[in-house]
Amino acid sequence: VAEGGYDTANLIQNVYSKADSKYGTPAYWVRYFSPAPNTPINSSSSNANTECRADWDSLAKHLIPITSPLQSRLSGISAEGLADAQAFVSALVNVWLWVIPLRLPVNGFLRCWLDQEASTSMSTAYWSGWSGYINTYNWEGQGFYPLFACLYCNPCGGAGHNCTTVQSAHGCYAIWSNEPESPYCGYSLKNLPAWHANSCSSCASNAPSTDFWQFAEQVVCNLTVNVDMDEGTLTPYSFYLSARP
Amino acid sequence: MPSCLTHQLVKVLALIALILAACGPATSGNSPSVPASPNETAIQSSAGQTCSTSRLRISIVNSSAAAGTVGAWLRFVNVGAAPCYLLGWPTVVGVTGSGATTSARETNAELAFPLITGVPSVWLDQGEAAFAAFAGSDTPPATGGCPPAYQTLRVTPPGNKESVSLPAWIPYFNNELPACAGIDVTMLVPASAVPELNQSPGS
């Protein structure tokens, strides 16, 4: 069964009620963790708990983490990728500690997304530094490695193709495609489109699979609630709430 | 009378003035305007005025880029000596290098816009700020590439005709505001409604 969910730069508690009633009940929320603009979910324990409570109340009960560093850093060196990954993981751990019923996925695969905007070029050095830390992070020193680096991008966009960059640098487990969007503005979580996400198949061989698709963006589709809409079976690879925080 | 009471009285009188204005006779574009009665004039002058463009320092702060949405906040600071107010949506026009223009759509669904009902009249004492969010998208349409990015934003505070031009540079995005899907702009809110903006202004 296809799953749909929302990503938002706003706080979940500010938007979930209108989003649910207007566009449908989500299976998950995608929220920003540091480093990120606007207010990330890890801005405080209080905010993390309030957002997760809203996530629960929206009936999603799953949380997908994304990070969006300063876009100029993505063309930088390995050390910049490493530093951004360290900040991201620190934010993940903090939220996990603050929100008592927030759990890692049962299967041990938490997909961690890096935001590469359509016009941003990413270096293989940055990706190697970022993904290397994510993919080898020993969760709280428990001998458990549940984080898996993934990339939000326009798969075959970018100089030399984004798929080629991550394929050559290795360590990318999935692609979240932001193309195409405009033809699918008429769809919502109540009426998910048939799968048409752009993938790496047309520009890179042996590239990661695209199994997440942003099919409607607020600005592009003039949505009246500050959410974007996404499709993909992601609940097995996300944080989940075992109870209402 | 304590100054805070004076301030509250001014706000109440301003609200009355706004209600009177809203309930007044409608005028068509070519009709002569209806002169205000002496009482109305007295209320309006004592109630304060719309902040004029020349009394505002307008800047772009707290830029962002997140999953296709690229934007920032417009900050309007009252640099005049007297209090004034702003009500509603600023007019924002994106201007490309070739001079092509795009008027922003009015919305309240952008960035981390707070949960607010109604349209607040934002009172600004000297040095105080009001904020409005704006954003565009850098996701190319399925039919091809995006038009050239906006080089400047022409911003007109609500209730004004005079505008200011600001560079459309979005630092977090490391580029100018993309023109892939037009521009959205929100209504103005007081600084107290967006405390996170006061923590890291100017970015």
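## A charge over a ring

Arg111(A) sits over the face of Tyr237(A), 4.0 Å from the ring centre. This is a predicted model. Arg111(A) also takes part in a salt bridge: its side chain meets that of Asp211(A) at 2.9 Å, N to O. Asp211(A) belongs to strand E8 (residues 210-216) of chain A and Arg111(A) to strand E5 (residues 110-115) of chain A, so the pair ties together parts 100 residues apart in sequence. Arg111(A) counts as buried, at 10% relative accessibility. Asp211(A) is partly exposed, at 23%.

Another charge lies over a ring in chain A. Lys61(A) is placed over the face of Trp56(A), at 4.2 Å from the ring centre.

## Salt bridges

Side chains of opposite charge can pair when their charged atoms come close. Over all chains, the structure holds six salt bridges. One of them joins Asp57(A) to Arg244(A), with the closest N and O atoms 2.8 Å apart. Asp57(A) is in helix H2 (residues 45-57) of chain A, while Arg244(A) is in the segment after strand E10 (239-241) of chain A, so this pair ties together parts that are 187 residues apart in sequence. Asp57(A) is partly exposed, at 30% relative accessibility. Arg244(A) is partly exposed too, with a relative accessible area of 46%.

Chain B has a salt bridge between Asp184(B) and Arg105(B), whose closest N and O atoms are 2.7 Å apart. Asp184(B) lies in strand E14 (residues 184-185) of chain B and Arg105(B) in strand E7 (residues 105-106) of chain B, so the pair ties together parts 79 residues apart in sequence. Asp184(B) is buried, with a relative accessible area of 2%. Arg105(B) is partly exposed, at 29%. Back in chain A, salt bridges link Arg73(A), Glu80(A) and Asp84(A) in a network.

## Aromatic pairs

The count of aromatic pairs over all chains is 19. Among them is Phe33(A) with Phe88(A), an edge-to-face pair with 6.3 Å centre to centre and 75 degrees between the planes. This pair links distant parts of the chain: Phe33(A) is in strand E2 (residues 29-33) of chain A, Phe88(A) is in helix H3 (residues 78-98) of chain A, and they are 55 residues apart. Phe33(A) is buried, with a relative accessible area of 0%. Phe88(A) is buried as well, with a relative accessible area of 0%.

Phe88(A) also pairs with Trp130(A): the ring centres are 6.0 Å apart and the planes are at 15 degrees, so this pair is stacked. It joins helix H3 of chain A to helix H4 of chain A, across 42 residues. Trp130(A) is buried, as is Phe88(A). Elsewhere, ring pairs link Tyr28(A), Trp113(A), Tyr152(A), Trp176(A) and Phe212(A) into a cluster.

## Helix H5 of chain A

Helix H5 of chain A covers residues 162-169. Its residues Asn162(A), Cys163(A), Thr165(A), Val166(A) and Ala169(A) are buried. Seen down the axis of H5(A), these buried residues fall within an arc of 160 degrees, so they line one face of the helix. They pack against helix H4 (124-135), strand E6 (147-153) and strand E7 (175-177) of chain A. After H5(A) comes His170(A), with a positive phi near 65 degrees.

## Chain B as a whole

Chain B contains three helices and 15 strands. It has 203 residues, of which 44% count as buried. Among its contacts with a separation of 6 or more, 77% are between residues 24 or more positions apart. The accessible surface of chain B is about 9500 Å², and carbon and sulfur atoms make up 57% of that surface.

Technical notes
Residues are numbered from 1 along each chain as its sequence is written. Chains are lettered from A and ligands numbered from 1 in the order in which they are written. This is a predicted model: local features need pLDDT of at least 70, side-chain atom pairs count only at pLDDT 80 or more; totals for chains, interfaces and linings use all residues. Side-chain values use heavy atoms; hydrogens and water are left out. Buried means under 20% relative accessible area, exposed over 50%, partly exposed in between (1.4 Å probe, protein chains only). Helices (H or I, at least four residues) and strands (E, at least two) are DSSP runs, numbered from the N terminus. The arc is that of the directions from the helix axis to the C-beta atoms. Contact means heavy atoms within 4.5 Å. Accessible areas come from the Shrake-Rupley method with a 1.4 Å probe; for residues, only the protein chains shown count as cover. Rings of Phe, Tyr and Trp (its six-membered ring) pair if their centres lie within 6.5 Å; planes under 30 degrees apart count as stacked, over 60 as edge-to-face and the rest as tilted. A charge sits over a ring if NZ of Lys or CZ of Arg is within 6 Å of the ring centre and within 35 degrees of the ring normal. A salt bridge is a side-chain nitrogen of Lys or Arg within 4 Å of a carboxyl oxygen of Asp or Glu.
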